Amino acid sequence: MGLFRGTELASMTSMRRILPAGLFVLLVAAPAVAQPSTIGPGDIRCPDCAVSGQKPVAAAFDASQIEFVANPVPAFHENYTIRFTVIARVLQPAPLILDVLDSRVQTLDRNMRVVATGSRAADDSSPCVVDPHQPVDLASKAVVSALQFNDIVTADVILNRNPRMPDAILGATPTVINVRKAAAPVRFFHTGQVTPECANRSGRLVEYLGAEDGELTIVYNDGVIDHRNGAYLTFTRERLSPTELSDLLHAFRDANFDAMPTTFPQRQSANRPSLALMAARYQRVALRDGDARLAPLLKRIDALADRATSHAHYLLKSAPGVPIVVRPWANADVDLARLVDTGIRLSDGAPEAWRRPVPADFLASLPAEPNTSDDGDSDPNRVVYFLQAGRLYRVARPFFCADARACAFRELNAAEVAEPVFGNCEPGTTNCQTSIYSDGRREHTRQDPSLTAMSGRLWPQSMGVRLRDVPPSGLTFSTDEYNRHKAIYFPIMKRRQFGPNYIEDGILYAHVRVCLIEEGGDPATCEGTTRNVVVRQAQQAAVTRANEEIRTRLLSAPSRANLPALNVAPLDRVFLMEGVGEWRPYLSSSGRLPAEGIGGPTFAPRPDRISYYASYAHAPAGVDNLAVTVHITQYPNAEWARFDVLNSTGRVDLTRLSRFGHTFYQDGPYFSWSSGDRLIQLDCQGTPPPVIDEFLQAYFAKYPSDL
């Protein structure tokens, strides 16, 4: 039956990959608690909301804030479609912002008969806020135009078919239909002693989105705190007392929060950081650095996060240590300190000694370049390192050196093994990432080489915890230790499903993980969730299926030897900086990508290249209204750019189309083609078809397709 066969874990997670991310706010469910069985008009209560100083605002309904669509038609995949039904509280009628209190997902056939009703898996996410940018069916306009703050409604969300791509499920648009205002109590889908679909049914009162992606703190009308940190770990056990909740609302009055301008969430934007109060109306304030008025209030919000995690502890785990094999580098005329620089290594000026073939027996003794964080586990040479002039190096064998042809020393991938790097760097230097912000500010930050980031870096000597002291069950360490070295611990926590590798005193500790475990919680959660296991198994299966494709790609890949040097081009020469129609560039950046051949299990290794990004916003709606991202990659020659159109995706089944006199590939809202030594990629998620056409024509004019 394909994608919609039932609505258990597999299909639900598949749908979340298909639907635009804005449809879902990721809230891990709260522990099973007794929930009210119904909700009706007037049931959302906040006795002390008046002390916040927030006042209702009477405003005429602004229909221009909502995209109304006539006669939406569901999109089908293999004769099935999916429908969400929600029971929600109205936060804002225009744009339509709903606080979802309960939801149900159903699979339907082409006769719109329900064939399966879903149940959310324990570790899956719930659609607890409807994206205010979702279109609404025109038939619901009369109901929506009369809605007010705290009204209770029911509605459905379907995948509205794109008439230009009727068979493309990825081209469908989530659309709100059948909006009905509740005039009497509505029975929840999940009642009794159940795990709720959404964390709380008393309604959101305060919502804080932190600067870090994923960071979210919610306080509900009943005082419950729902906190999620930047590593997507959620804590819901703490509750403010009525007195504490009243004190928090007083802090909003003291900051004169009611007088601050409301900024609605913007499409394709992180909308971070922001603080919202929903006492007498929906008021979301975008936070800016240096606003002294909000400093005391934000200090209280930070304290809420501390309160939510007050009964949790940090846990450090790793695989058993394995001694690394350190060999002296026997090739004195190949200076590893210079070989790590791909700009020198692959340039015409590389030393002649670097061009000679690597002896077959020595090549076979090198570790292979890993495709993923797991690949190195089965490599018999994975613990081999080299020492030259007192420095430790990782030297890896590229993919194309295996079975296909011999390798020259200059084609080996090398990186110095060091502690994780931080701080600023000189633009244009190796492993230096440049970011350009909308105010013109530029940041040049150091990044670890991909090779050692995957195979292993040195565990910093300044750390208060030693990896050798970590038992199989994990080592609990203090909050002070975490805060002192957050720059190390936090990235590890974010990657806890797989875990990076670290070297300490000559021992390699694989899959190092940091977790924050609730009191009485299961430390096994530090191993990754069921969903992560499913994803990992799917990735491993994909690697097996792709073996033949990899061999074909490797044999057909252009040479990486004797390629011309790359020079970074000015951004105003790379992008249409004057804009496309009413869309203006909002954020742009560029950076060098070293020729390390690391991407995915079906990627052939690529040469040194330069990556450019620009995000466009709809100017009339404000600079935060991101909608289209243009990614342009510059290669040493046109042959590599043309080869990487498909190679960069790891697929061969993309749809090849011709429009506007140009040939390109399409994968749902993603479009790609090559032009000379450039690969052009457009990310048009959630963008209306006329705007997509506008961008395609504009960038075809600047970069004609040579496919």
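Which residues do ring pairs link into a cluster? They are Tyr 314, Trp 459, Phe 477, Tyr 482, Tyr 489 and Tyr 502. Rings of Phe, Tyr and Trp (its six-membered ring) pair if their centres lie within 6.5 Å; planes under 30 degrees apart count as stacked, over 60 as edge-to-face and the rest as tilted.

Before we go on, a word on the source: this is a predicted model, where local features need pLDDT of at least 70 and side-chain atom pairs count only at pLDDT 80 or more, while totals for chains, interfaces and linings use all residues. Residues are numbered from 1 along each chain as its sequence is written, and side-chain values use heavy atoms, leaving out hydrogens and water.

A search of the whole structure finds 20 aromatic pairs. Here are two of them:

| Pair | Centre to centre | Angle between planes | Type |
|---|---|---|---|
| Trp 459 and Tyr 502 | 5.1 Å | 85° | edge-to-face |
| Trp 673 and Phe 700 | 4.3 Å | 40° | tilted |

Trp 459 and Tyr 502 are 43 residues apart in the chain, and both are buried (under 20% relative accessible area, with exposed over 50% and partly exposed in between, using a 1.4 Å probe and protein chains only). Trp 673 counts as buried because its relative accessibility is 0%, and Phe 700 counts as buried because its value is 2%.

Arginines meet rings too. Arg 201 lies over the face of Phe 188, 4.1 Å from the ring centre, and Arg 394 lies over the face of Tyr 385, at 4.8 Å. For such a charge, NZ of Lys or CZ of Arg must be within 6 Å of the ring centre and within 35 degrees of the ring normal.

Notes. Helices (H or I, at least four residues) and strands (E, at least two) are DSSP runs, numbered from the N terminus.
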